[in-house]
Amino acid sequence: MARGAERAANASFQVILAAWALVSVLPLLWAAITAFKPNQEVFASPYKLPTHWDFSNFARAWGAASIGQFFINTVIVVSGGLVLTMLLSTMVAYVLARYDFPGNRVVYYLFAGGLMFPVFLALVPLYFVVRNMGLLHSHLGLILVYAAYAMPFSVFFLTAFFRTLPSAVAEAALIDGCSHPGVFFRVMLPMARPGIVSVGLFNLLGLWNQYLLPLVLNQGDKSTAVLTEGLAALAAQQGYASDWSALFAGMVIAMLPVLVVYLVFQRRVREGFVAGALK
């Protein structure tokens, strides 16, 4: 009876996972197929394959709808923000995890508290700070804000991960004459690679899909607008232009890079969580 109950529970769990997978995958698949349909087929036959696969939708989205410019801006801002976030977060997390100094816990709990602070409350002072620095409507302004936005989660997760790493290796490196920066960059960072990849991927997804911060700091400036702003503006224009195929093509262009990155690094993400749980 116990085995039968366990099998029934496993079967129910698998059914729930399969249903969740369908709910997650089918909308993406439908959007991808719709991106290749002519405009007249988007509503006439929404659940059928296109009679003619129209690749010109992507050309219109990339050029006429300026998705190409928004894509380049997003790559610049997200890449800069991600590199800065991971560089600063790994150093802060390593120091908080490995060194005891007055105020260590205070700094740690400040970063942890940042996870609970609603970003909506910081929009007005953040806007004035960025404006006083002369960084409104600029890539650099968004990069700095993105890094500040992503650091609390990164420091919180990586601090716990650095604590799981064996200290004997770092101590042996110090005895052999390695400096503290050398121990960090040459010993501890390679050991923490699974956790860094996991945090980096989550930050990539969050920054790539960020809408509120660029909306406030760019204020409709198309020269520095990112994909989320461009897609929102494109969706608002469809009531007048009725170019729904270009809208879906823009959505596919926006989600394809993060989907590819996740598929490439999904094993590293699992390794990061398993390593953090087992050590």
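I am working with a predicted model, where local features need pLDDT of at least 70, side-chain atom pairs count only at pLDDT 80 or more, and totals for chains, interfaces and linings use all residues. Residues are numbered from 1 along each chain as its sequence is written, and side-chain values use heavy atoms, with hydrogens and water left out.

**Helix H5.** I looked up H5, residues 104-116 (helices are DSSP runs of H or I, at least four residues, numbered from the N terminus). Asn104, Tyr108 and Ala112 are buried there (under 20% relative accessible area, 1.4 Å probe, protein chains only; exposed means over 50%). Those three sit on the same side of H5 because they cover an arc of only 50° around the axis (taken from the directions from the axis to the C-beta atoms). Turned away from that buried side, I found exposed Val106, Leu110 and Met116. The cover over the buried residues includes H4 (67-98) and H7 (139-164).

**Phenylalanine 58.** I next went to helix H3 (residues 56-62), where phenylalanine 58 lies. Phenylalanine 58 counts as buried, at 19% relative accessibility. Leaving aside residues up to four places away in sequence, phenylalanine 58 touches Ala35, Phe36, Ala249, Val252 and Ile253 (contact is heavy atoms within 4.5 Å).

**Serine 198.** I found serine 198 in helix H10 (residues 193-208). Serine 198 is buried, at 0% relative accessible area. Its side chain reaches the backbone oxygen of proline 194 at 3.0 Å.

**Leucine 263.** My last stop was helix H13 (residues 244-278), which holds leucine 263.

Note on methods: Helices (H or I, at least four residues) and strands (E, at least two) are DSSP runs, numbered from the N terminus. A polar contact is a pair of N or O atoms within 3.5 Å; within protein, one must be able to donate a hydrogen and the other to accept it, and residues adjacent in sequence count only if both atoms are side-chain atoms.
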